[in-house]
Amino acid sequence: MDQLLPGLGQGKSSKEEQVSPHKISLIVLIHEYCMLRKPVTTQSVFSDNDSDTEVKFSEREKRDFMVTILQLLQSSDLTLKELCIKIRDKMKTELYVLFLKKLQEFVGEGVGAMKDYVQNVMRDYFQNNSGVERTSVLGLFIRRMVLAFEKLSFTQVTDLYRKFERYYVAGVEQDEGQSLAGSLTDSAMSLSGIRFSRGRSLDPFQLAADRKLGEEVRGVNSQRQAEYFIQQQVFLLQHNPKEALPPADLQEKILEMLEANPELAEAHFLSYLNSLRVKEYCTAVHNLFHYFDRKTIFTLNKGQVQVKGQKEGEVHRRYAALNLAALHYRFGHKEEALAPLQEAIGMAQDANDNVCLQHALGWLHRLSEQGTAQTENLLERAVAKSSELMLPNLMSIGVQACARHNAFSAAKPCQVFEYLQKSDMLNCQHSQSGFMCTSFANKAALWHMYGKRECTSMLSQMILHLDTTEHSVYYNGESVCIAMCNLARIHAQMGQYNFALDIINCAKKRFPKKQAYSEIWMQTEQEVLFERTILNRKFGVAELAVLNLKAFNPLESQLRHAILCKEKGDITPALTELHKLLETCQVDKGDHSVTADFKCRVYLELGSLYRQTGNASSAQSYILESMTLAKTHHLEYMTALGAVQLASVQLMMQLPHQALTMLYQYMLSLQAHGTVYDQANYLMCYVKCKVAIATRQAGDKKREGLLSCVNSLNRVTVLYQNCEAYLHVKNPVYLLARLYHELGFTERNRCSHQYRQIDQQYPTLSHISVDVI
């Protein structure tokens with residue numbers, strides 16, 4: 001917020017301090033603490049007789065008191081009940097009881113007691129040594145409150161007392177069975193002689209006052225409190241949205257601040273961020289316009305303030321256009337976003353505002369056609385200028401964008417990761433934890449694309465183990481959600497679906513529904529659900545998962561719908577869907593461009609469909625197209641999957657030796673980084689090749705070759721069972737029965753019985769399912 005909106009908080013004069021019941025309570029708490037710390041004779045609060053008592057505070061108790069008071073001064077006004085809850089466990093019992101007793105005296109003795117107490121505080125503060133430095137935070141607070149109280153007329157003091165009375169009554173009236181502040185307070189109040197009334201008046205005038213009580217007891221937020229609250233919530237929305245106030249509560253709080261401080265324009269920008277958080281785009285536009293309109297009006301009313309030689313109103317106008325372009329980009333309206341972006345660029349060039357130009361250049365890259373030489377040129381200029389202007393955040397984003405561009409442009413992986421290493425150095429030098437997590441997330445995505453699943457897992461775990469605390473708040477942004485979803489996918493690929501769902505449930509708690517980044521785990525949940533149900537033949541649930549996935553990723557949903565049709569035996573719909581996807585993939589540039597790994601998946605599914613229907617020549621062309629594209633973009637895992645498909649085609653063409661040679665080349669990649677299902681398919685194809693070669697031999701060589709396949713088939717059976725692909729278990733079990741029969745082993749009867757049981761539970765309804773591998 002500070003980077004996109006320079007000059008925030010400049011040229012503003014704070015409103016006069018307003019005395020509220022909450023602030024009176026804080027003055028009492030501070031003054032009684034100072035009095036207890038004085039080494040003089042005091043009256044014991046636990047005895048009716050006078051005695052010489054000296055209350056000693058340990059260093060930890062002093063520190064806890066100071067930290068608590070600082071938090072209370074910075075936060076908004078609280079009710080008495082909320083205040084007691086905050087301080088009861090952090091204060092000495094003597095101080096806590098004395099504080100409550102003094103508040104009760106105000107209510108019992110009237111407005112005079114309150115005036116006398118404030119005068120005593122003023123005398124101790126200005127004349128005697130009260131134990132508070134005048135230039136300290138507490139001293140300045142007491143000075144402002146005392147001076148503000150002295151300026152009040154008698155009518156205003158009386159009105160303040162009535163508010164304080166309602167503030168006190170609302171704090172001490174509890175439901176039956178509850179106390180003001182728990183068992184500690186009960187014991188303290190009983191010793192000090194204080195009793196609270198639990199009855200409620202039925203007077204209609206009192207009931208009407210009670211309805212207004214919730215608004216009055218909190219008092220009015222000062223401008224300092226509002227500014228601190230806004231800064232705190234903006235930081236939390238950027239660093240850890242879950243720690244920020246819930247969207248509805250935050251919006252209600254913003255409305256309260258605007259009632260007390262109508263000219264506080266930053267509250268509208270906080271409302272804008274809160275609207276983006278829940279994807280309420282219409283309200284976001286409304287709040288964004290309100291922010292810049294009120295900011296400009298306030299600047300004009302106060303006179304144009306110079307910000308680095310520029311008029312503040314002009315700065316706001318160009319950043320308003322820049323923010324509007326960013327908002328339109330979130331809508332997905334790229335053409336509409338270009339108009340305000342060009343306006344911001346023009347105003348920034350006229351004012352020679354290089355920082356605004358760098359932000360605009362970054363957005364221009366996002367709005368330009370991806371994968372072109374012009375985009376690459378924009379990125380290089382952005383990185384070079386950001387380095388010159390010492391803008392580490394923009395430079396880090398630019399370097400990561402360059403790495404992503406190079407990866408999709410078929411650059412070598414070593415060059416891509418060299419770029420990301422520069423970004424890591426920048427992030428470490430400037431302690432940018434959020435950008436550091438983003439860099440690791442990009443690395444994890446690139447390793448996944450290149451087919452190194454274990455590297456993806458390692459980097460995802462590094463994101464979750466990084467110490468990203470700022471002001472005691474952990475970073476909980478988009479990259480954290482992506483890392484958790486990566487780990488969920490990896491567990492699902494290993495057949496550990498329950499663990500995957502546990503991780504997704506953890507992501508649900510950290511990123512609640514209808515808030516920022518929740519769509520990431522929602523998409524992952526549907527993908528995991530689809531992978532599981534398509535293998536265990538629960539087509540109804542898989543169909544629902546495809547339908548839900550369409551809301552997050554239409555192309556992914558279309559591909560999985562084609563896979564679902566293929567598994568159900570609907571050849572024509574599957575072929576139609578895949579050819580439509582292939583036409584979409586041919587669009588290499590523009591908004592409809594897709595990544596190389598997605599194209600490879602479409603080619604492989606087409607090749608698999610043609611192969612399973614017996615059309616080996618067409619299958620071979622699509623598989624070779626996939627392997628060529630995968631090798632061009634260094635997608636090792638996609639190349640290995642294509643090799644397995646090609647080996648199956650060669651096996652259909654009675655070329656087992658060539659197929660086995662092909663499988664040997666990619667054994668390490670699939671066994672080290674492959675999913676359980678892909679490993680099973682690979683081993684199944686490998687065994688079929690070995691059996692085909694062994695059957696062409698005679699005597700002991702044939703028997704030895706068949707025996708060598710038995711252990712591999714048992715492993716294939718276990719792998720299929722681990723990923724719940726129970727229909728596919730029939731293939732290795734059937735082949736085992738045939739091998740045992742050929743070898744003369746009675747184990748064939750067990751395998752035959754096992755096959756019959758599986759076939760009764762998962763009958764083969766289509767010949768497509770038979771020729772999976």
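User: Which residues lie nearest the centre of the second largest pocket?

Analyst: This is a predicted model, in which local features need pLDDT of at least 70 and side-chain atom pairs count only at pLDDT 80 or more, while totals for chains, interfaces and linings use all residues. Residues are numbered from 1 along each chain as its sequence is written, and side-chain values use heavy atoms, with hydrogens and water left out. A pocket is an open set of points on a 1 Å grid over the protein atoms alone, reached by a 1.4 Å probe and with protein on both sides within 12 Å along at least five of seven lines, and its lining residues have an atom within 4 Å of a point. The lining of the second largest pocket has 28 residues, and those nearest its centre are S75, Y228, F229, Q232 and Q233.

User: Which helix gives the most to the lining of the second largest pocket?

Analyst: Helices here are DSSP runs of H or I with at least four residues, numbered from the N terminus. At least two lining residues come from each of α2 (59-74), α3 (80-87), α11 (223-239) and α12 (247-260). With 7 residues, the helix that gives the most is α11.

User: Is Q231 buried or exposed, and how far in space is it from L270?

Analyst: Q231 belongs to helix α11. Buried means under 20% relative accessible area, exposed over 50% and partly exposed in between, using a 1.4 Å probe and protein chains only, and Q231, at 57%, is exposed. Although 39 residues separate Q231 from L270 in sequence, their C-alpha atoms are apart in space by 9.0 Å.

User: How far apart are the end C-alpha atoms of helix α36, and which helices are included in what covers its buried residues?

Analyst: Helix α36 runs over residues 730-743, and at 1.5 Å a residue its 14 residues should span 20 Å, which agrees with the end C-alpha separation of 20 Å; the expected span is 1.5 Å times one less than the number of residues. Because 10 of the 14 residues are buried, α36 is largely enclosed by the rest of the structure; among the buried ones are P732, V733, L736 and Y740. Their cover includes α34 (676-695), α35 (700-722) and α37 (747-761).

User: What phi does the residue just after α36 take?

Analyst: The residue in question is G744, which follows directly on α36. Its phi is positive, at about 85°.

User: Which loop holds S431, and what is the phi of S431?

Analyst: S431 sits in the loop between α20 (413-429) and α21 (433-450), and its relative accessible area of 57% makes S431 exposed. Most residues other than glycine have a negative phi, and most peptide bonds are trans. S431 is not a glycine, yet it has a positive phi of about 50°.

User: Where is R537 found?

Analyst: R537 is likewise not a glycine, and it has a positive phi of about 65°. Its location is the loop between α25 (518-535) and α26 (539-549).

User: Which residues does R601 contact when neighbours within four places in sequence are left aside?

Analyst: R601 lies in helix α29 (residues 596-612) and is partly exposed, at 23% relative accessibility. It stands 40 residues from L641 in sequence, with their C-alpha atoms 9.4 Å apart. Taking contact as heavy atoms within 4.5 Å, the partners of R601 are E556, L559, R560 and M638.

User: Which residues does A672 contact beyond its neighbours within four places in sequence?

Analyst: A672 is part of helix α33 (residues 667-673) and is partly exposed, at 33% relative accessibility. A672 and E454 are 218 residues apart in sequence and 8.1 Å apart in space, C-alpha to C-alpha. The contacts of A672 are R453 and E454.
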